[in-house]
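Please walk me through this structure, helix by helix.

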Amino acid sequence: MARHAHMSERTFTRRFRAEVGTSPLQWLLQSRLTQARRLLESSDLTVARIATACGFGDPVALRKHFHTHLGLSPLTYRRAHCAPEPARTEPLQAP
């Protein structure tokens, strides 16, 4: 990010922290975790696919960060925050 902004890493980090309130690495991690949470809540993608889609190297890294920051595994989070599927109603058949 610093190179992209044409700054030294130290200057970029200092300015980023002053503007955003956290380090670039922590901001990136939180952004990835937020995206992973949204996908867990709204999709049926596997944890491995979500890890890849969110920029984690592998599902183990996603699980580690998820547990460290949220205190639970991605699957436990999904079960707790996923909207229940609508109940299927079978059409009544005439006898």
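**From one cysteine outward**

Cys54 touches Arg32, Gln35, Ala36 and Leu39, leaving aside residues up to four places away in sequence. Contact here means heavy atoms within 4.5 Å. The model is a predicted one: local features need pLDDT of at least 70, side-chain atom pairs count only at pLDDT 80 or more, and totals for chains, interfaces and linings use all residues. Residues are numbered from 1 along each chain as its sequence is written, and side-chain values use heavy atoms, with hydrogens and water left out.

Now the overall plan. The protein chain has 5 helices and 0 strands. Its pattern along the sequence is α-α-α-α-α. Helices (H or I, at least four residues) and strands (E, at least two) are DSSP runs, numbered from the N terminus. Of the 95 residues, 22% count as buried. Buried means under 20% relative accessible area, exposed means over 50%, and partly exposed lies in between (1.4 Å probe, protein chains only). The chain exposes about 7,400 Å², and carbon and sulfur atoms supply 54% of that area. Areas come from the Shrake-Rupley method with a 1.4 Å probe; for residues, only the protein chains shown count as cover. Among contacts with a separation of 6 or more, residues 24 or more positions apart account for 40%.

Cys54 also belongs to the largest nonpolar core, which has 12 residues. Such a core is a set of buried Ala, Val, Leu, Ile, Met, Phe, Trp, Tyr and Cys residues joined through side-chain atoms within 4.5 Å. The largest share, 4 residues, comes from H2.

Take H2 next. Its 19 residues should span 27 Å at 1.5 Å a residue, and its end C-alpha atoms are 27 Å apart, which agrees. The expected span is 1.5 Å times one less than the number of residues. The buried residues of H2 are Pro24, Leu29, Leu33, Ala36 and Leu40. They cover an arc of only 165° around the axis, so they lie on the same side of H2. The arc is that of the directions from the helix axis to the C-beta atoms. These buried residues pack against helix H1 (9-20), H3, H4 and helix H5 (74-81). On the other side of H2, Arg38 and Ser42 are exposed.

Ser42 deserves a stop. This serine has a relative accessible area of 62%. A polar atom of its side chain lies 2.7 Å from the backbone oxygen of Arg38. Ser42 and Arg78 are 36 residues apart in sequence, and their C-alpha atoms are 9.0 Å apart in space.

Thr11, Phe12 and Phe16 are buried in H1. They cover an arc of only 125° around the axis, which puts them on the same side of H1. Their cover includes H2. Arg10 and Ala18 are exposed on the other side of H1. Just after H1, Gly21 takes a positive phi of about 95°. In the segment before H1 sits His6. His6 has a positive phi of about 60° although it is not a glycine. At a relative accessible area of 75%, His6 is exposed.

H4 comes last. Asp58 caps its N-terminal end: a side-chain oxygen lies 3.0 Å from the backbone nitrogen of Val60. H4 has 12 residues and reaches 16 Å from first C-alpha to last, close to the 16 Å expected at 1.5 Å a residue. Just after H4, Gly71 takes a positive phi of about 80°.

A polar contact of 3.5 Å joins the side chains of His69 and Gln30. A polar contact is a pair of N or O atoms within 3.5 Å; within protein, one must be able to donate a hydrogen and the other to accept it, and residues adjacent in sequence count only if both atoms are side-chain atoms. His69 and Gln30 are 39 residues apart in sequence and 9.0 Å apart in space, C-alpha to C-alpha. At 33% relative accessibility, His69 counts as partly exposed.
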